[in-house]
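Q: I am new to this structure and would like to learn how to read it. Could we take it one feature at a time?

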Amino acid sequence: MSADSENVWIAFNGEIYNFLELKEELKSRGHSFKTNSDTEVVLASYLEWGTECFKRFNGMWGLSIYDRRVDQIILSRDRFGKKPLHYYYDETVLIFASEIKSLFLHPSVPKKMNMAKIIDYAGRHYRYVDIDNDTYFLNIHQVPKSSFMVFNIKGLNEVCAYWNLSIPKSFDILTDSEMIEEFRYLFHDAVKIRLRSDVPVGCMLSGGLDSGSITCLAAQENKKIHTFSGVTGDGYFDESEYINEIVKHEEVQHIYIYQNHSNLYAILKEMLQFHDEPVCTVTWLCNYILSKEVAKNKIPVILTGHGGDELLAGYWDHYHYAFADLRGTREGDNLELKAWLDNHKRGLDEYTAAKKYINSLKIETNLELEKYSPYLNCLQKNVLKFSKCGNINGIDTQKENQNLLRRLYMELFFETIPPSLRAEDRNMMAFAIENRLPLLDYRLVEFCFKLSNSAKIRNGLGKWLLRESMKGILPEKVRLRKDKTGFNAPFGDWIRNELRQMMQQMISKKSFMNTEIYDQKNVQKKFEEHLSGSNYYMFFWQYLNLNIWHELFFE
């Protein structure tokens, strides 16, 4: 689309949820509009505010703006990098696209492996793949999230972050009722503006707090909401007990999808053709299968619940970090610890081990890495030099009681959210489904990071603020549930059964990956140990991904 007599052009992928509010403001400043699209609002915003416009957008985007008036191109991505935007730049040519494979259609773009990314994924853990803006291909980069880049005839002129989330030096002092009221308003509005659509909207409903809350708030706004739930059908993953509570409570139009996990190798190969890069966990293979089934129901917009765990402390290890912040206090040593042990039937041995580990952490070191280095001996020694994991700087703070907040920050920007957003976006867009994430509304994120740990973990339960704000909205059986079940699949068992022969053939193959990257003997040893009962499913998931990826792009 163009504006200003074709002096300004835009290529835009995404959604600006607050475009109606921006449109009214722009009208008051003299702008007129020919369409009802948010794309035209983005263009008008740029004409009015220049690159300051990105601060005003609440949404997800990857976009390019060509400004003929000053002969420059601007590339920008949303705050959390939900939408992809890749580029190749060598000081003579700039090529950019949403998909990496598109770049290789240009003769100037070489296709080479980025060994640093491969080694950190293969030998450590997917959590340390997103520490930079590189990809698995050498010299193919991502436009940084929360940023814009300016290129002119002389080359790269500017890289600027338009938004930063910092860890506060002190927390906002609010009463419980003030916190709950503000959170409920922001959360409800985040859902409301993401329901803006001229096509049907649905929700992914897992039965947990996050997706359940979003579904209930969405149903209040739109009684025709559709919901979808994936069940493995083998008893391994089934939260129908909680799902049915929400479906009955809101009377939504609900569909259960029982996934067929036959021919997994072919499905994974099909999925990676859309992703262009290896995928972080087997969860996203299940999500791909689920997305394909959702598409058959012709609901093109889906709300999902990602982000709640990183905002409000929903993972198991978050309790350990919270206890580290409370050590030496009556609340930490007695009340919270006892409540946690009682609520979750955990043992003191787990707490003792976690306490020892967290006490060893120092702000200026990278001891976190030690948790994720069990597979380095399965790699060829000469490739270990490519690892970049040691370059993680962590978070700058001298506050000793901010262990939990630092953990949440790292997950939000480097560890869990980036690979999850990338995987879910590729999966759903493969079937022309647009997914929207209310819990990653930047207003909610900013608000939650101003609050102390007690807003997140209280009385031995995580997500205290979400639970309290959903009183009277979310069914009590779901709101007060103490367990947590991630959407997963028994990949470890599949390796021992359905995928056993295929995995053995792949390990025995004299391929580039096996001879140049992996130490075949140690991989074989790990495989035999897994067959005997050890659990190395993550290693073999990553091994399988890398082999298929290499086959697709280099063989």
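Predicted model: local features only at pLDDT ≥ 70, side-chain atom pairs only at ≥ 80, totals over all residues.

Q: Is α15 mostly covered or mostly uncovered?
A: A residue counts as buried under 20% relative accessible area. In α15, 12 of the 13 residues are buried. Among them are Ile417, Leu421 and Met428, along with Arg422, Glu424 and Asp425.

Q: In what order do the strands of the open sheet lie?
A: Strands of a sheet pair through backbone hydrogen bonds, either parallel or antiparallel. Here 5 strands pair in parallel, in the order β12-β11-β10-β13-β14. At the edges are β12 (253-258) and β14 (434-436), each pairing on one side only. From one strand to the next, the twist averages 30°.

Q: How many bridges join β10 to β13?
A: There are 3 bridges between β10 (residues 201-204) and β13 (residues 301-303). Val201 has Val301 of β13 opposite.

Q: Which residues touch the most other members of the largest nonpolar core?
A: That core has 91 residues, and those touching the most other members are Phe54, Phe183, Phe187, Leu412, Phe449 and Leu465. Helix α5 (residues 176-194) gives the largest share, 7 residues. Beyond its neighbours within four places in sequence, Leu465 is in contact with residues including Met179, Phe183, Leu312 and Phe447. Another core, of 72 residues, lies apart from this one and includes Val109, Leu290, Tyr375 and Ala489.

Methods. Residues numbered from 1 in each chain as written. Heavy atoms only, no water. Pairing = 2+ DSSP bridges. Helix = DSSP H or I, 4+ residues; strand = E, 2+ residues; numbered from the N terminus. Axes fitted to C-alpha atoms, helices over the stretch in contact; angles between N-to-C directions. Core = buried A, V, L, I, M, F, W, Y, C linked by side-chain atoms within 4.5 Å. Buried < 20%, exposed > 50% of the residue type's maximum accessible area, 1.4 Å probe, protein only. Contact = heavy atoms within 4.5 Å.
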